[in-house]
Amino acid sequence: MPRINVLQKLMQSGVVAVVRAQNSEQAIKITEACMKGGIAAIEITFTIPEAAQVIADLRKAYSPEEMIIGAGTVLDPETARIAILAGAQYIVSPSLNLETVKLCNRYQVPVMPGAMTIAEVIAAMEAGADIVKIFPGDAFGPSFIKAIKGPIPQAPLMPTGGVNLENVGEWIKAGCVAVGVGGNLTAGAKTGDYQSIEEIAKQFIGKVRVARGL
């Protein structure tokens with residue numbers, strides 16, 4: 001799937017499920033529950049054992065029309081290349097690593113580095129980031145998005161951390177192109193309650209649609 005189509009699908013979904021798990025089996029079960037709940041963008045973090053294999057298995061099992069699979073917690077270009085070779089359709093980092101952005105642009109894979117300040121947001125955009133991940137989102141709240149959008153209305157922002165069912169609409173209304181959701185979505189996996197993940201996923205998608213006026 002071309003870069004522009006991956007970005008369009010991610011932004012249309014509005015929610016990126018950030019998957020952290022104890023093992024590959026748990027990661028796949030979380031992913032499937034999120035997909036059943038309507039989330040079309042999944043971020044497999046490289047804190048998961050054998051994360052590259054998880055990405056490869058999911059890419060074989062599901063078409064891009066069903067879901068797009070990205071790699072998260074990518075700290076360097078070496079990890080980014082491993083993820084891309086495994087089939088990752090986008091790369092997410094907690095901070096800005098210029099060599100990682102350069103590599104992703106070389107292979108035309110969407111890249112979303114993290115930022116905490118306006119200066120970092122601008123640096124990420126100048127480096128060629130497709131979307132800037134505001135991280136950790138719970139350190140700021142939705143009002144920070146409005147503050148950034150004042151002087152930089154063109155900034156494509158996606159918060160991760162601190163996004164929950166109570167405030168997801170605020171993040172979207174503040175101008176975020178999407179939100180990243182981890183523990184507030186996937187907590188049920190700790191007790192094997194994947195049905196709750198599916199139900200919460202549906203609620204997140206519903207609230208994003210309402211916030212967008214759809």
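Reader: Which residues does V15 touch, not counting residues up to four places away in sequence?
Author: This is a predicted model whose residues are numbered from 1 along each chain as its sequence is written, local features needing pLDDT of at least 70 and side-chain atom pairs counting only at pLDDT 80 or more, while totals for chains, interfaces and linings use all residues. Side-chain values use heavy atoms, with hydrogens and water left out. V15 lies in strand β1, where helices (H or I, at least four residues) and strands (E, at least two) are DSSP runs numbered from the N terminus. With contact taken as heavy atoms within 4.5 Å, and leaving out residues up to four places away in sequence, V15 touches I39, A41, V179, V181, F204, I205 and V208.

Reader: Is V15 buried or exposed, and at what relative accessible area?
Author: Buried means under 20% relative accessible area, exposed over 50%, and partly exposed in between, using a 1.4 Å probe and protein chains only. V15 is counted as buried because its relative accessible area is 0%.

Reader: Which residues have the most contacts inside the largest nonpolar core?
Author: A nonpolar core is a set of buried Ala, Val, Leu, Ile, Met, Phe, Trp, Tyr and Cys residues joined through side-chain atoms within 4.5 Å. The largest one has 62 residues, and helix α10 (residues 194-211) gives the most to this core, with seven residues. A second, separate core of 13 residues includes V6, V16, A41 and M158. Inside the largest core, the residues with the most contacts are I39, I42, I44, I91 and L185.

Reader: Against which elements do the buried residues of α10 pack?
Author: The helix α10 has 18 residues and reaches 26 Å from its first C-alpha to its last, close to the 26 Å expected at 1.5 Å a residue, the expected span being 1.5 Å times one less than the number of residues. Its buried residues are Y194, S196, I197, E198, A201, F204, I205, V208 and A211. These buried residues of α10 pack against α1 (3-13), β1 (15-19), α2, α8 (168-174), β9 and α9.

Reader: Which element supplies the largest share of the lining of the largest pocket?
Author: A pocket is an open set of points on a 1 Å grid over the protein atoms alone, where a 1.4 Å probe fits, with protein on both sides within 12 Å along at least five of seven lines, and lining residues have an atom within 4 Å of a point. About 320 Å³ of space lies in the largest pocket, and of the 20 residues that line this pocket the closest to its centre are V18, R20, G182, G183 and T186. At least two lining residues come from each of α2 (24-36), β9 (179-181) and α9 (183-186). The largest share, three residues, comes from α9.

Reader: Is E50, which has a positive phi, exposed or buried?
Author: E50 lies in the loop between β2 (41-45) and α3 (51-61), and its phi is near 55°, a positive value in a residue other than glycine. Because its relative accessibility is 59%, E50 counts as exposed.

Reader: Which residues are joined by a cis peptide bond?
Author: The place to look is the loop between β7 (132-134) and α7 (142-149), where P136 lies. With omega at about -5°, the cis peptide bond joins F135 and P136.

Definitions and conventions:
Grid points are joined across faces, edges and corners, and a volume is the space filled by probe spheres set on the points.
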